[in-house]
Amino acid sequence: MGKGGSLSQGIIKKIILSYTYVAIWIFLSFTVIVYNKYILDRKMYNWPYPISLTMIHMGFCSSIAFLLIRVLKLVEPVSMSRSLYLSSVVPIGALYSLSLWFSNSAYIYLSVSFIQMLKALMPVAVYSIGVLFKKDQYNSETMGNMIAISIGVGIAAYGEAKFDSWGVILQLGAVAFEATRLVMIQILLTSKGINLNPITSLYYVAPCCMVFLLVPWIIVEYPILKETTSLHFDYVIFGTNSFCAFALNLAVFLLVGKTSALTMNVAGVVKDWLLIAFSWTVIKDTVTPINLFGYGLAFLGVAYYNHAKLMALKAKESQKKAQQNDEESGKLLDEREGEVKKADSQA
């Protein structure tokens, strides 16, 4: 009875912790998205400088990462040569800077709800680029699922009340760059045995992002900022916004590390619906029935994709356990045969 009680308590504790990690990630991701929309939207805080905002985030995150790694020495740095940094981290930094720049820019032109609907294309982009770079195998059933998701997003776009072509191009570009970055992490880092946690990732990647963003910032935003006399930099607004962005990186590591990447994907779907509801009820963005029907179709496609990945993961784990059991059985048989031969020789 005591053992059963302690076992059930352990399971309950694990479930509570898992849901806590999910809740923290959803809250921080939700906060960062809404906060960025508030800052960048011309009808709200009216600070439409997405490159500058991204650079502020990267500067804040790289400073905190440097403090934790080099000054306080709370996190161990990863051993990395200059050639490895240039060949692996720099391309990832370039893709990350473009992804953040384009996604933040989209908030100026599109509603939060419609942006979340367009983000449903992420599995399509990741799978397609994975197949292109031979990190994923082509599967007709999976591709059919990807087409269904794309059709759903297309219907949602057709029903969008405040459709903006430039905003859609920016968000689709952000999805494409982010998907490429995720695939490149597997090819350039994970395959070489280099695993970066959020702190070391920001330590190496954030400064690189700032350098890449500096060029478009000088061309696009610096001339406007230079001529703007009414510009006021609110340290509280940008400080808390940057802190939320940094905390979100930690929450991603906590969620994936303590649960799984699949759990984050499922939690992401919940977060998207919450954001759509918030955008509709609080921000008063227009959400049409066609919007919801299209996103609902895309949602079912994403849910099926996550389910298929979970089944594949379970099958892989079962196969791995079966192989381990076979190896252990083989070792036991070898040991028994050795003991029998030893006993025969002694007789």
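What follows is a set of questions and answers on helices, aromatic rings, loops and cysteines.

Modeller: Please keep in mind that this is a predicted model, in which local features need pLDDT of at least 70 and side-chain atom pairs count only at pLDDT 80 or more, while totals for chains, interfaces and linings use all residues. Residues are numbered from 1 along each chain as its sequence is written, and side-chain values use heavy atoms, with hydrogens and water left out.

Biologist: How are helix α2 and helix α8 oriented to each other?

Modeller: Helices here are DSSP runs (H or I, at least four residues), numbered from the N terminus, and α2 covers residues 50-71 while α8 covers residues 198-227. Angles under 35 degrees count as roughly parallel, over 145 as roughly antiparallel, 65 to 115 as roughly perpendicular and the rest as oblique, so α2 is, relative to α8, roughly antiparallel.

Biologist: How many residues in the contact of α2 with α8 are nonpolar?

Modeller: Ala, Val, Leu, Ile, Met, Phe, Trp, Tyr, Cys and Pro count as nonpolar, Asp, Glu, Lys and Arg as charged, and the others, Gly among them, as polar. By that division the contact of α2 with α8 has 5 polar residues and 2 charged ones, and its nonpolar residues number 22.

Biologist: Is the crossing of α3 and α8 left-handed or right-handed?

Modeller: Helix α3 (residues 82-109) and α8 have axes that come within 8 Å and cross at roughly 60°, which makes α3 oblique to α8. A crossing is left-handed if the near helix is turned anticlockwise from the far one by less than a right angle, and right-handed if clockwise. For α2 passing α8 the crossing is left-handed, whereas for α3 and α8 it is right-handed.

Biologist: What class of pair do Trp217 and Tyr222 form?

Modeller: A pair of aromatic rings is described by the distance of the centres and the angle of the planes. Rings of Phe, Tyr and Trp (its six-membered ring) pair if their centres lie within 6.5 Å, and planes under 30 degrees apart count as stacked, over 60 as edge-to-face and the rest as tilted. A search of the whole structure finds 15 aromatic pairs. In the pair of Trp217 and Tyr222 the centres are 5.3 Å apart and the planes stand at 50°, so the class is tilted.

Biologist: Trp273 and Tyr295 also form an aromatic pair; is Tyr295 buried or exposed?

Modeller: The rings of Trp273 and Tyr295 are edge-to-face, at 4.9 Å centre to centre and 65° between the planes, and the pair links helix α10 (residues 261-281), which holds Trp273, with helix α11 (residues 289-346), which holds Tyr295. Buried means under 20% relative accessible area, exposed over 50% and partly exposed in between, with a 1.4 Å probe and protein chains only. Trp273 has 31% relative accessibility and therefore counts as partly exposed, whereas Tyr295, with a relative accessible area of 3%, is buried.

Biologist: Where is Lys284, a residue with a positive phi although it is not a glycine?

Modeller: Asn46, in the loop between α1 (2-40) and α2, also has a positive phi, near 65°, without being glycine, and Asn46 is partly exposed at 43% relative accessibility. Lys284 has a phi of about 70° and is exposed, with a relative accessible area of 62%. Its place is the loop between α10 and α11.

Biologist: Which cysteine has the sulfur nearest to that of Cys61?

Modeller: A disulfide is a pair of cysteine sulfur atoms within 2.5 Å, and the structure holds 0 of them. Cys61 is buried at 1% relative accessibility, and Cys61 is in no disulfide, since the nearest cysteine sulfur is 9.9 Å away and belongs to Cys209.

Biologist: What is the nearest cysteine sulfur to that of Cys209?

Modeller: Cys209 is buried, with a relative accessible area of 0%. Cys209 is in no disulfide, and the nearest cysteine sulfur, 6.1 Å away, is that of Cys208.

Notes: Helices (H or I, at least four residues) and strands (E, at least two) are DSSP runs, numbered from the N terminus. Axes are lines fitted to C-alpha atoms, for helices over the stretch in contact, and angles run from 0 to 180 degrees between N-to-C directions.
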